[in-house]
Amino acid sequence: MNKILFISCCVPDELETEITQYCKSSINIHDAANTFQKSLIHGFIENNANLEVLSAPSLPAFPLGYKRIYIPKMQTRIEGKVLCDILPYFSFMIGKYASIERRIVKYVKEWINLYSNDELTIIGYNINAAFMEAMKTIKSNFPKVQTALIVTDMIEDAFNFKSNTTFLKRIQVSLHKKKIYSSYLAIDKYILLSEQMRNRIPNCKDNYIVVEGIYTHCGDIPNIDRQQIIFYSGALDTYVNVVEMIEAFKKINRDDYKLVICGGGPLSNYVREEADKNSNIVFLGSISRKEVLEWQRKSSLLINPRQPSEITKYSFPSKTMEYFASGTP
């Protein structure tokens, strides 16, 4: 029997309040990464995979962003079917990633020993230094265990994100980059979002598939009369041209259209200030995925303002799939 362990950073709906209640400011738990991982898990369930999930949720570090120094172990069943363990780890800003790595190794070793008679596969989510270092350690101890990695972003593009441009973040990203490159050889197979990604991965030759996007139906979204709304949902960062989008909208010589924006990121304050100055710009902040889908349905135009650049070769915005599914241009 083939058993699969999915190492992720998703926050299950059932534990959302319990996990996020100690955050010092609201975080966008309904972001694209979380939605993507839940869609993957839903797909595994639909295909009757023998799956278990281990999650180290992406939370702010103690003491600046999180009120507790320790994330306790929690457990739930996603959709009432798949067992999901929340990894206990220290959230202190110094040593946080090392704690996650050690805890993953300990957990996975116990998991492998528990199912030693089965065919085992470990799937990691994205280019995450802690996850990949842990998978490298596991592979060196258990070479027969199959490893796979879902790649949604490349570490080479990290400095395109405004949040990674501070001095300390640049040091952290550089250290993570070294760990990631040393861990690639421990990965047997890859799931990529674009064909070009393989050119940046040393051992990615004929051991990959490309899955550009994934979409999971989110219950029944009512049919809503379309309004004169231009809608954007997603990251509020420089690399997606949020400033250019707002400046372009301000040049429209009409009062009957509104630009509605939701999401979070380094440019949240800028968007909020622009909305305060212009009644035709509406900033919703971080909202639930169901609300996002409702806004997509009732808008007359959906926009992704990202311009063609080097980074677009190595990514596929998940909003593209949602935009298509909404039926809105």
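The model is predicted, so local features need pLDDT of at least 70 and side-chain atom pairs count only at pLDDT 80 or more, while totals for chains, interfaces and linings use all residues. Residues are numbered from 1 along each chain as its sequence is written, and side-chain values use heavy atoms, with hydrogens and water left out.

**View 1. Asp 188 sits in the loop between α5 (167-183) and β9 (189-192).** Helices (H or I, at least four residues) and strands (E, at least two) are DSSP runs, numbered from the N terminus. At 21% relative accessibility, Asp 188 is partly exposed, a class between buried (under 20% relative accessible area) and exposed (over 50%), using a 1.4 Å probe and protein chains only.

View 2. The Asp 188 side chain reaches a polar atom to 2.9 Å from the backbone nitrogen of Thr 147.

**View 3. The largest cavity has a volume of about 60 Å³.** A cavity here is a set of points on a 1 Å grid over the protein atoms alone where a 1.4 Å probe fits but cannot get out; lining residues have an atom within 4 Å of a point. Points are joined across faces, edges and corners, and the volume is the space filled by probe spheres set on them. Giving two or more residues each to the lining are α8 (289-298) and α9 (319-326). Lining residues include Tyr 215, His 217, Leu 293 and Glu 322.

Methods:
Polar contact = N/O pair within 3.5 Å; in protein donor to acceptor, adjacent residues only side chain to side chain. 1 Å grid on protein atoms, 1.4 Å probe; cavity = no way out; pocket = protein on both sides within 12 Å on 5 of 7 lines; lining within 4 Å.
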